[in-house]
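Me: I have a new structure to read, and I would like to go through it feature by feature. Can we start?

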Amino acid sequence: MYKTILFTILLLLGISHLSYSQLAEVPEKTDNESNNLSLNGEWFFNPVFKNSYYGMKDANNSWKGINVPGQWLMQGFEVKPGKQAAYFRKFNVPADWKNSTVYLRCDAVFSKADVWVNGKNAGGHTGPMVAFEKDVTDLVKFGKTNRIVMGIVSETMADTLMSGTQYAAHQLGGILRKIYLYAVPKVHLADLSVQTNFDKDFINAELKINGTIINNGKAKKALVTVFLSDFNGNNIPLKDNQTNIQVNGDKSKNINLVFDVKNPLKWDAEHPNLYQLKITVKSDAGEEKIKKIIGFREIEVVGNQLFVNGKVIKLKGVNRHEAHPLRGRSLTPELWKKDAELYKAANVNYIRTSHYPPSEEFIEWCDKIGLYVELENPLSWVGHGANAHWKKNN
């Protein structure tokens, strides 16, 4: 049992050793004047969804204002269990995004969403508390007003498997975390994974960068450049930090880069040393600059012991729900920061994210102040008496 529990801590936190997503990377900077458009704020809400909403031009009196992110129940709205509710808003896409790939990303919808942009279907997503994105390049109008409709169902099989409504004892429906559009060049980086491994003496390290170059244009090659610096801005030399990736018209190309780093400062809960990793991808389609905050650490499980950077550690931890008396499961950046600070002040060094993935903002604060985090999937008590629904649903 101990080995099983400790093995689940393989990720421990979002810093370096296995920081993986199946999404495109959001760049810090591109050739565009801006590359990020927040859709947070006031939307219009209707507790009853109708097919006529797909192509609607504006909200009438049957729609009421609702704040996003947020749960609809916490804002006074009632939706019949298992029924679809509707969200609507307008937004303007910058004209200089015209030659870019445009993604719509939402960090969490509870628990099933269907999306229409300007009356056209952008796809759906089922899975509470898990980020998803849709390529909406061909659906948006550049330099003009656009419209988005989201149909959301709270109670689904995904909700049942997560025991979400069961645990909260109330309806969790809504757009619970930030939602935004972002633009990247037609040739851009996705599926980024950053790993660090130390030598046998835990002095020098390898920095491994894996990812995928997405080619939505006609580029034949892309130049990938990697920079590493400490938090004082001092450059850490990386040998052969530029790599030409031969795309040759392929839609995607995997990249696998390895760099030797001499005597980096190690990350652990008592010494949360962090570095800045900058990756640029340049091609005929333009240039994007990506920044990631990483740490150097290596994890090993031996029997019922957990080693971090070659040293045994003891976990002093708590279970954590994303919960607030007025906001429910939809927190804010200020609350995520406060949670991390309160745990640290209470001499906690380990958090189990029961029972779903936390926000990226919360993980970033844990990285900064030094907290180990077990990242869980949005599944809870499957095969356990605490939730017997799995029996009748096979």
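Reply: Start with Ser-163, which is buried at a relative accessible area of 1%. Buried means under 20% relative accessible area, exposed over 50%, and partly exposed in between, with a 1.4 Å probe and protein chains only. Ser-163 sits in the loop between helix 2 (157–162) and helix 3 (164–168). Helices (H or I, at least four residues) and strands (E, at least two) are DSSP runs, numbered from the N terminus.

Me: What kind of model is this, and how are residues numbered?

Reply: This is a predicted model, where local features need pLDDT of at least 70, side-chain atom pairs count only at pLDDT 80 or more, and totals for chains, interfaces and linings use all residues. Residues are numbered from 1 along each chain as its sequence is written, and side-chain values use heavy atoms, with hydrogens and water left out.

Me: How do I read backbone angles and peptide bonds?

Reply: Most residues other than glycine have a negative phi, and most peptide bonds are trans. Now look for departures here. Ser-163 has a positive phi of about 60° and is not a glycine. Met-129 also has a positive phi, near 65°. Met-129 lies in the loop between strand 11 (120–126) and strand 12 (132–135). Met-129 is buried, at 2% relative accessible area.

Me: Which residues are joined by cis peptide bonds?

Reply: Val-68 and Pro-69 are joined by one, with omega about 0°. Pro-69 is in the loop between strand 5 (64–68) and strand 6 (70–71). Another cis bond joins Ser-354 and His-355, again with omega about 0°. His-355 belongs to the loop between strand 28 and helix 5. Tyr-356 is found in the loop between strand 28 (350–352) and helix 5 (360–369). Tyr-356 is buried, at 2% relative accessibility.

Me: How do I read a pocket?

Reply: Rolling a probe the size of a water molecule over the atoms shows where empty space is left. On a 1 Å grid over the protein atoms alone, a pocket is an open set of points where a 1.4 Å probe fits, with protein on both sides within 12 Å along at least five of seven lines; lining residues have an atom within 4 Å of a point. The second largest pocket holds about 290 Å³ of space. Its lining includes His-355, Leu-379 and Val-382.

Me: How many charged residues are in the lining of the second largest pocket?

Reply: Three are charged, three polar and three nonpolar.

Me: Where is Leu-379, and is it buried or partly exposed?

Reply: Leu-379 is in the loop between strand 29 (372–374) and helix 6 (389–392). Leu-379 counts as partly exposed because its relative accessible area is 49%.

Me: And salt bridges?

Reply: A salt bridge is a side-chain nitrogen of Lys or Arg within 4 Å of a carboxyl oxygen of Asp or Glu. The whole structure has 16 salt bridges. One of them pairs Lys-292 with Glu-25, at 2.9 Å from N to O. This pair links distant parts of the chain, 267 residues apart: Lys-292 in strand 23 (residues 286–294), Glu-25 in the loop between strand 1 (19–20) and strand 2 (29–30). Lys-292 is partly exposed at 31% relative accessibility, whereas Glu-25 is buried at 4%.

Me: Which residues are linked in a network of salt bridges?

Reply: Asp-107, Lys-178, Glu-360 and Glu-361 are linked in one.

Terms used: Points joined across faces, edges and corners; volume = space filled by probe spheres on them. Nonpolar A, V, L, I, M, F, W, Y, C, P; charged D, E, K, R; others polar.
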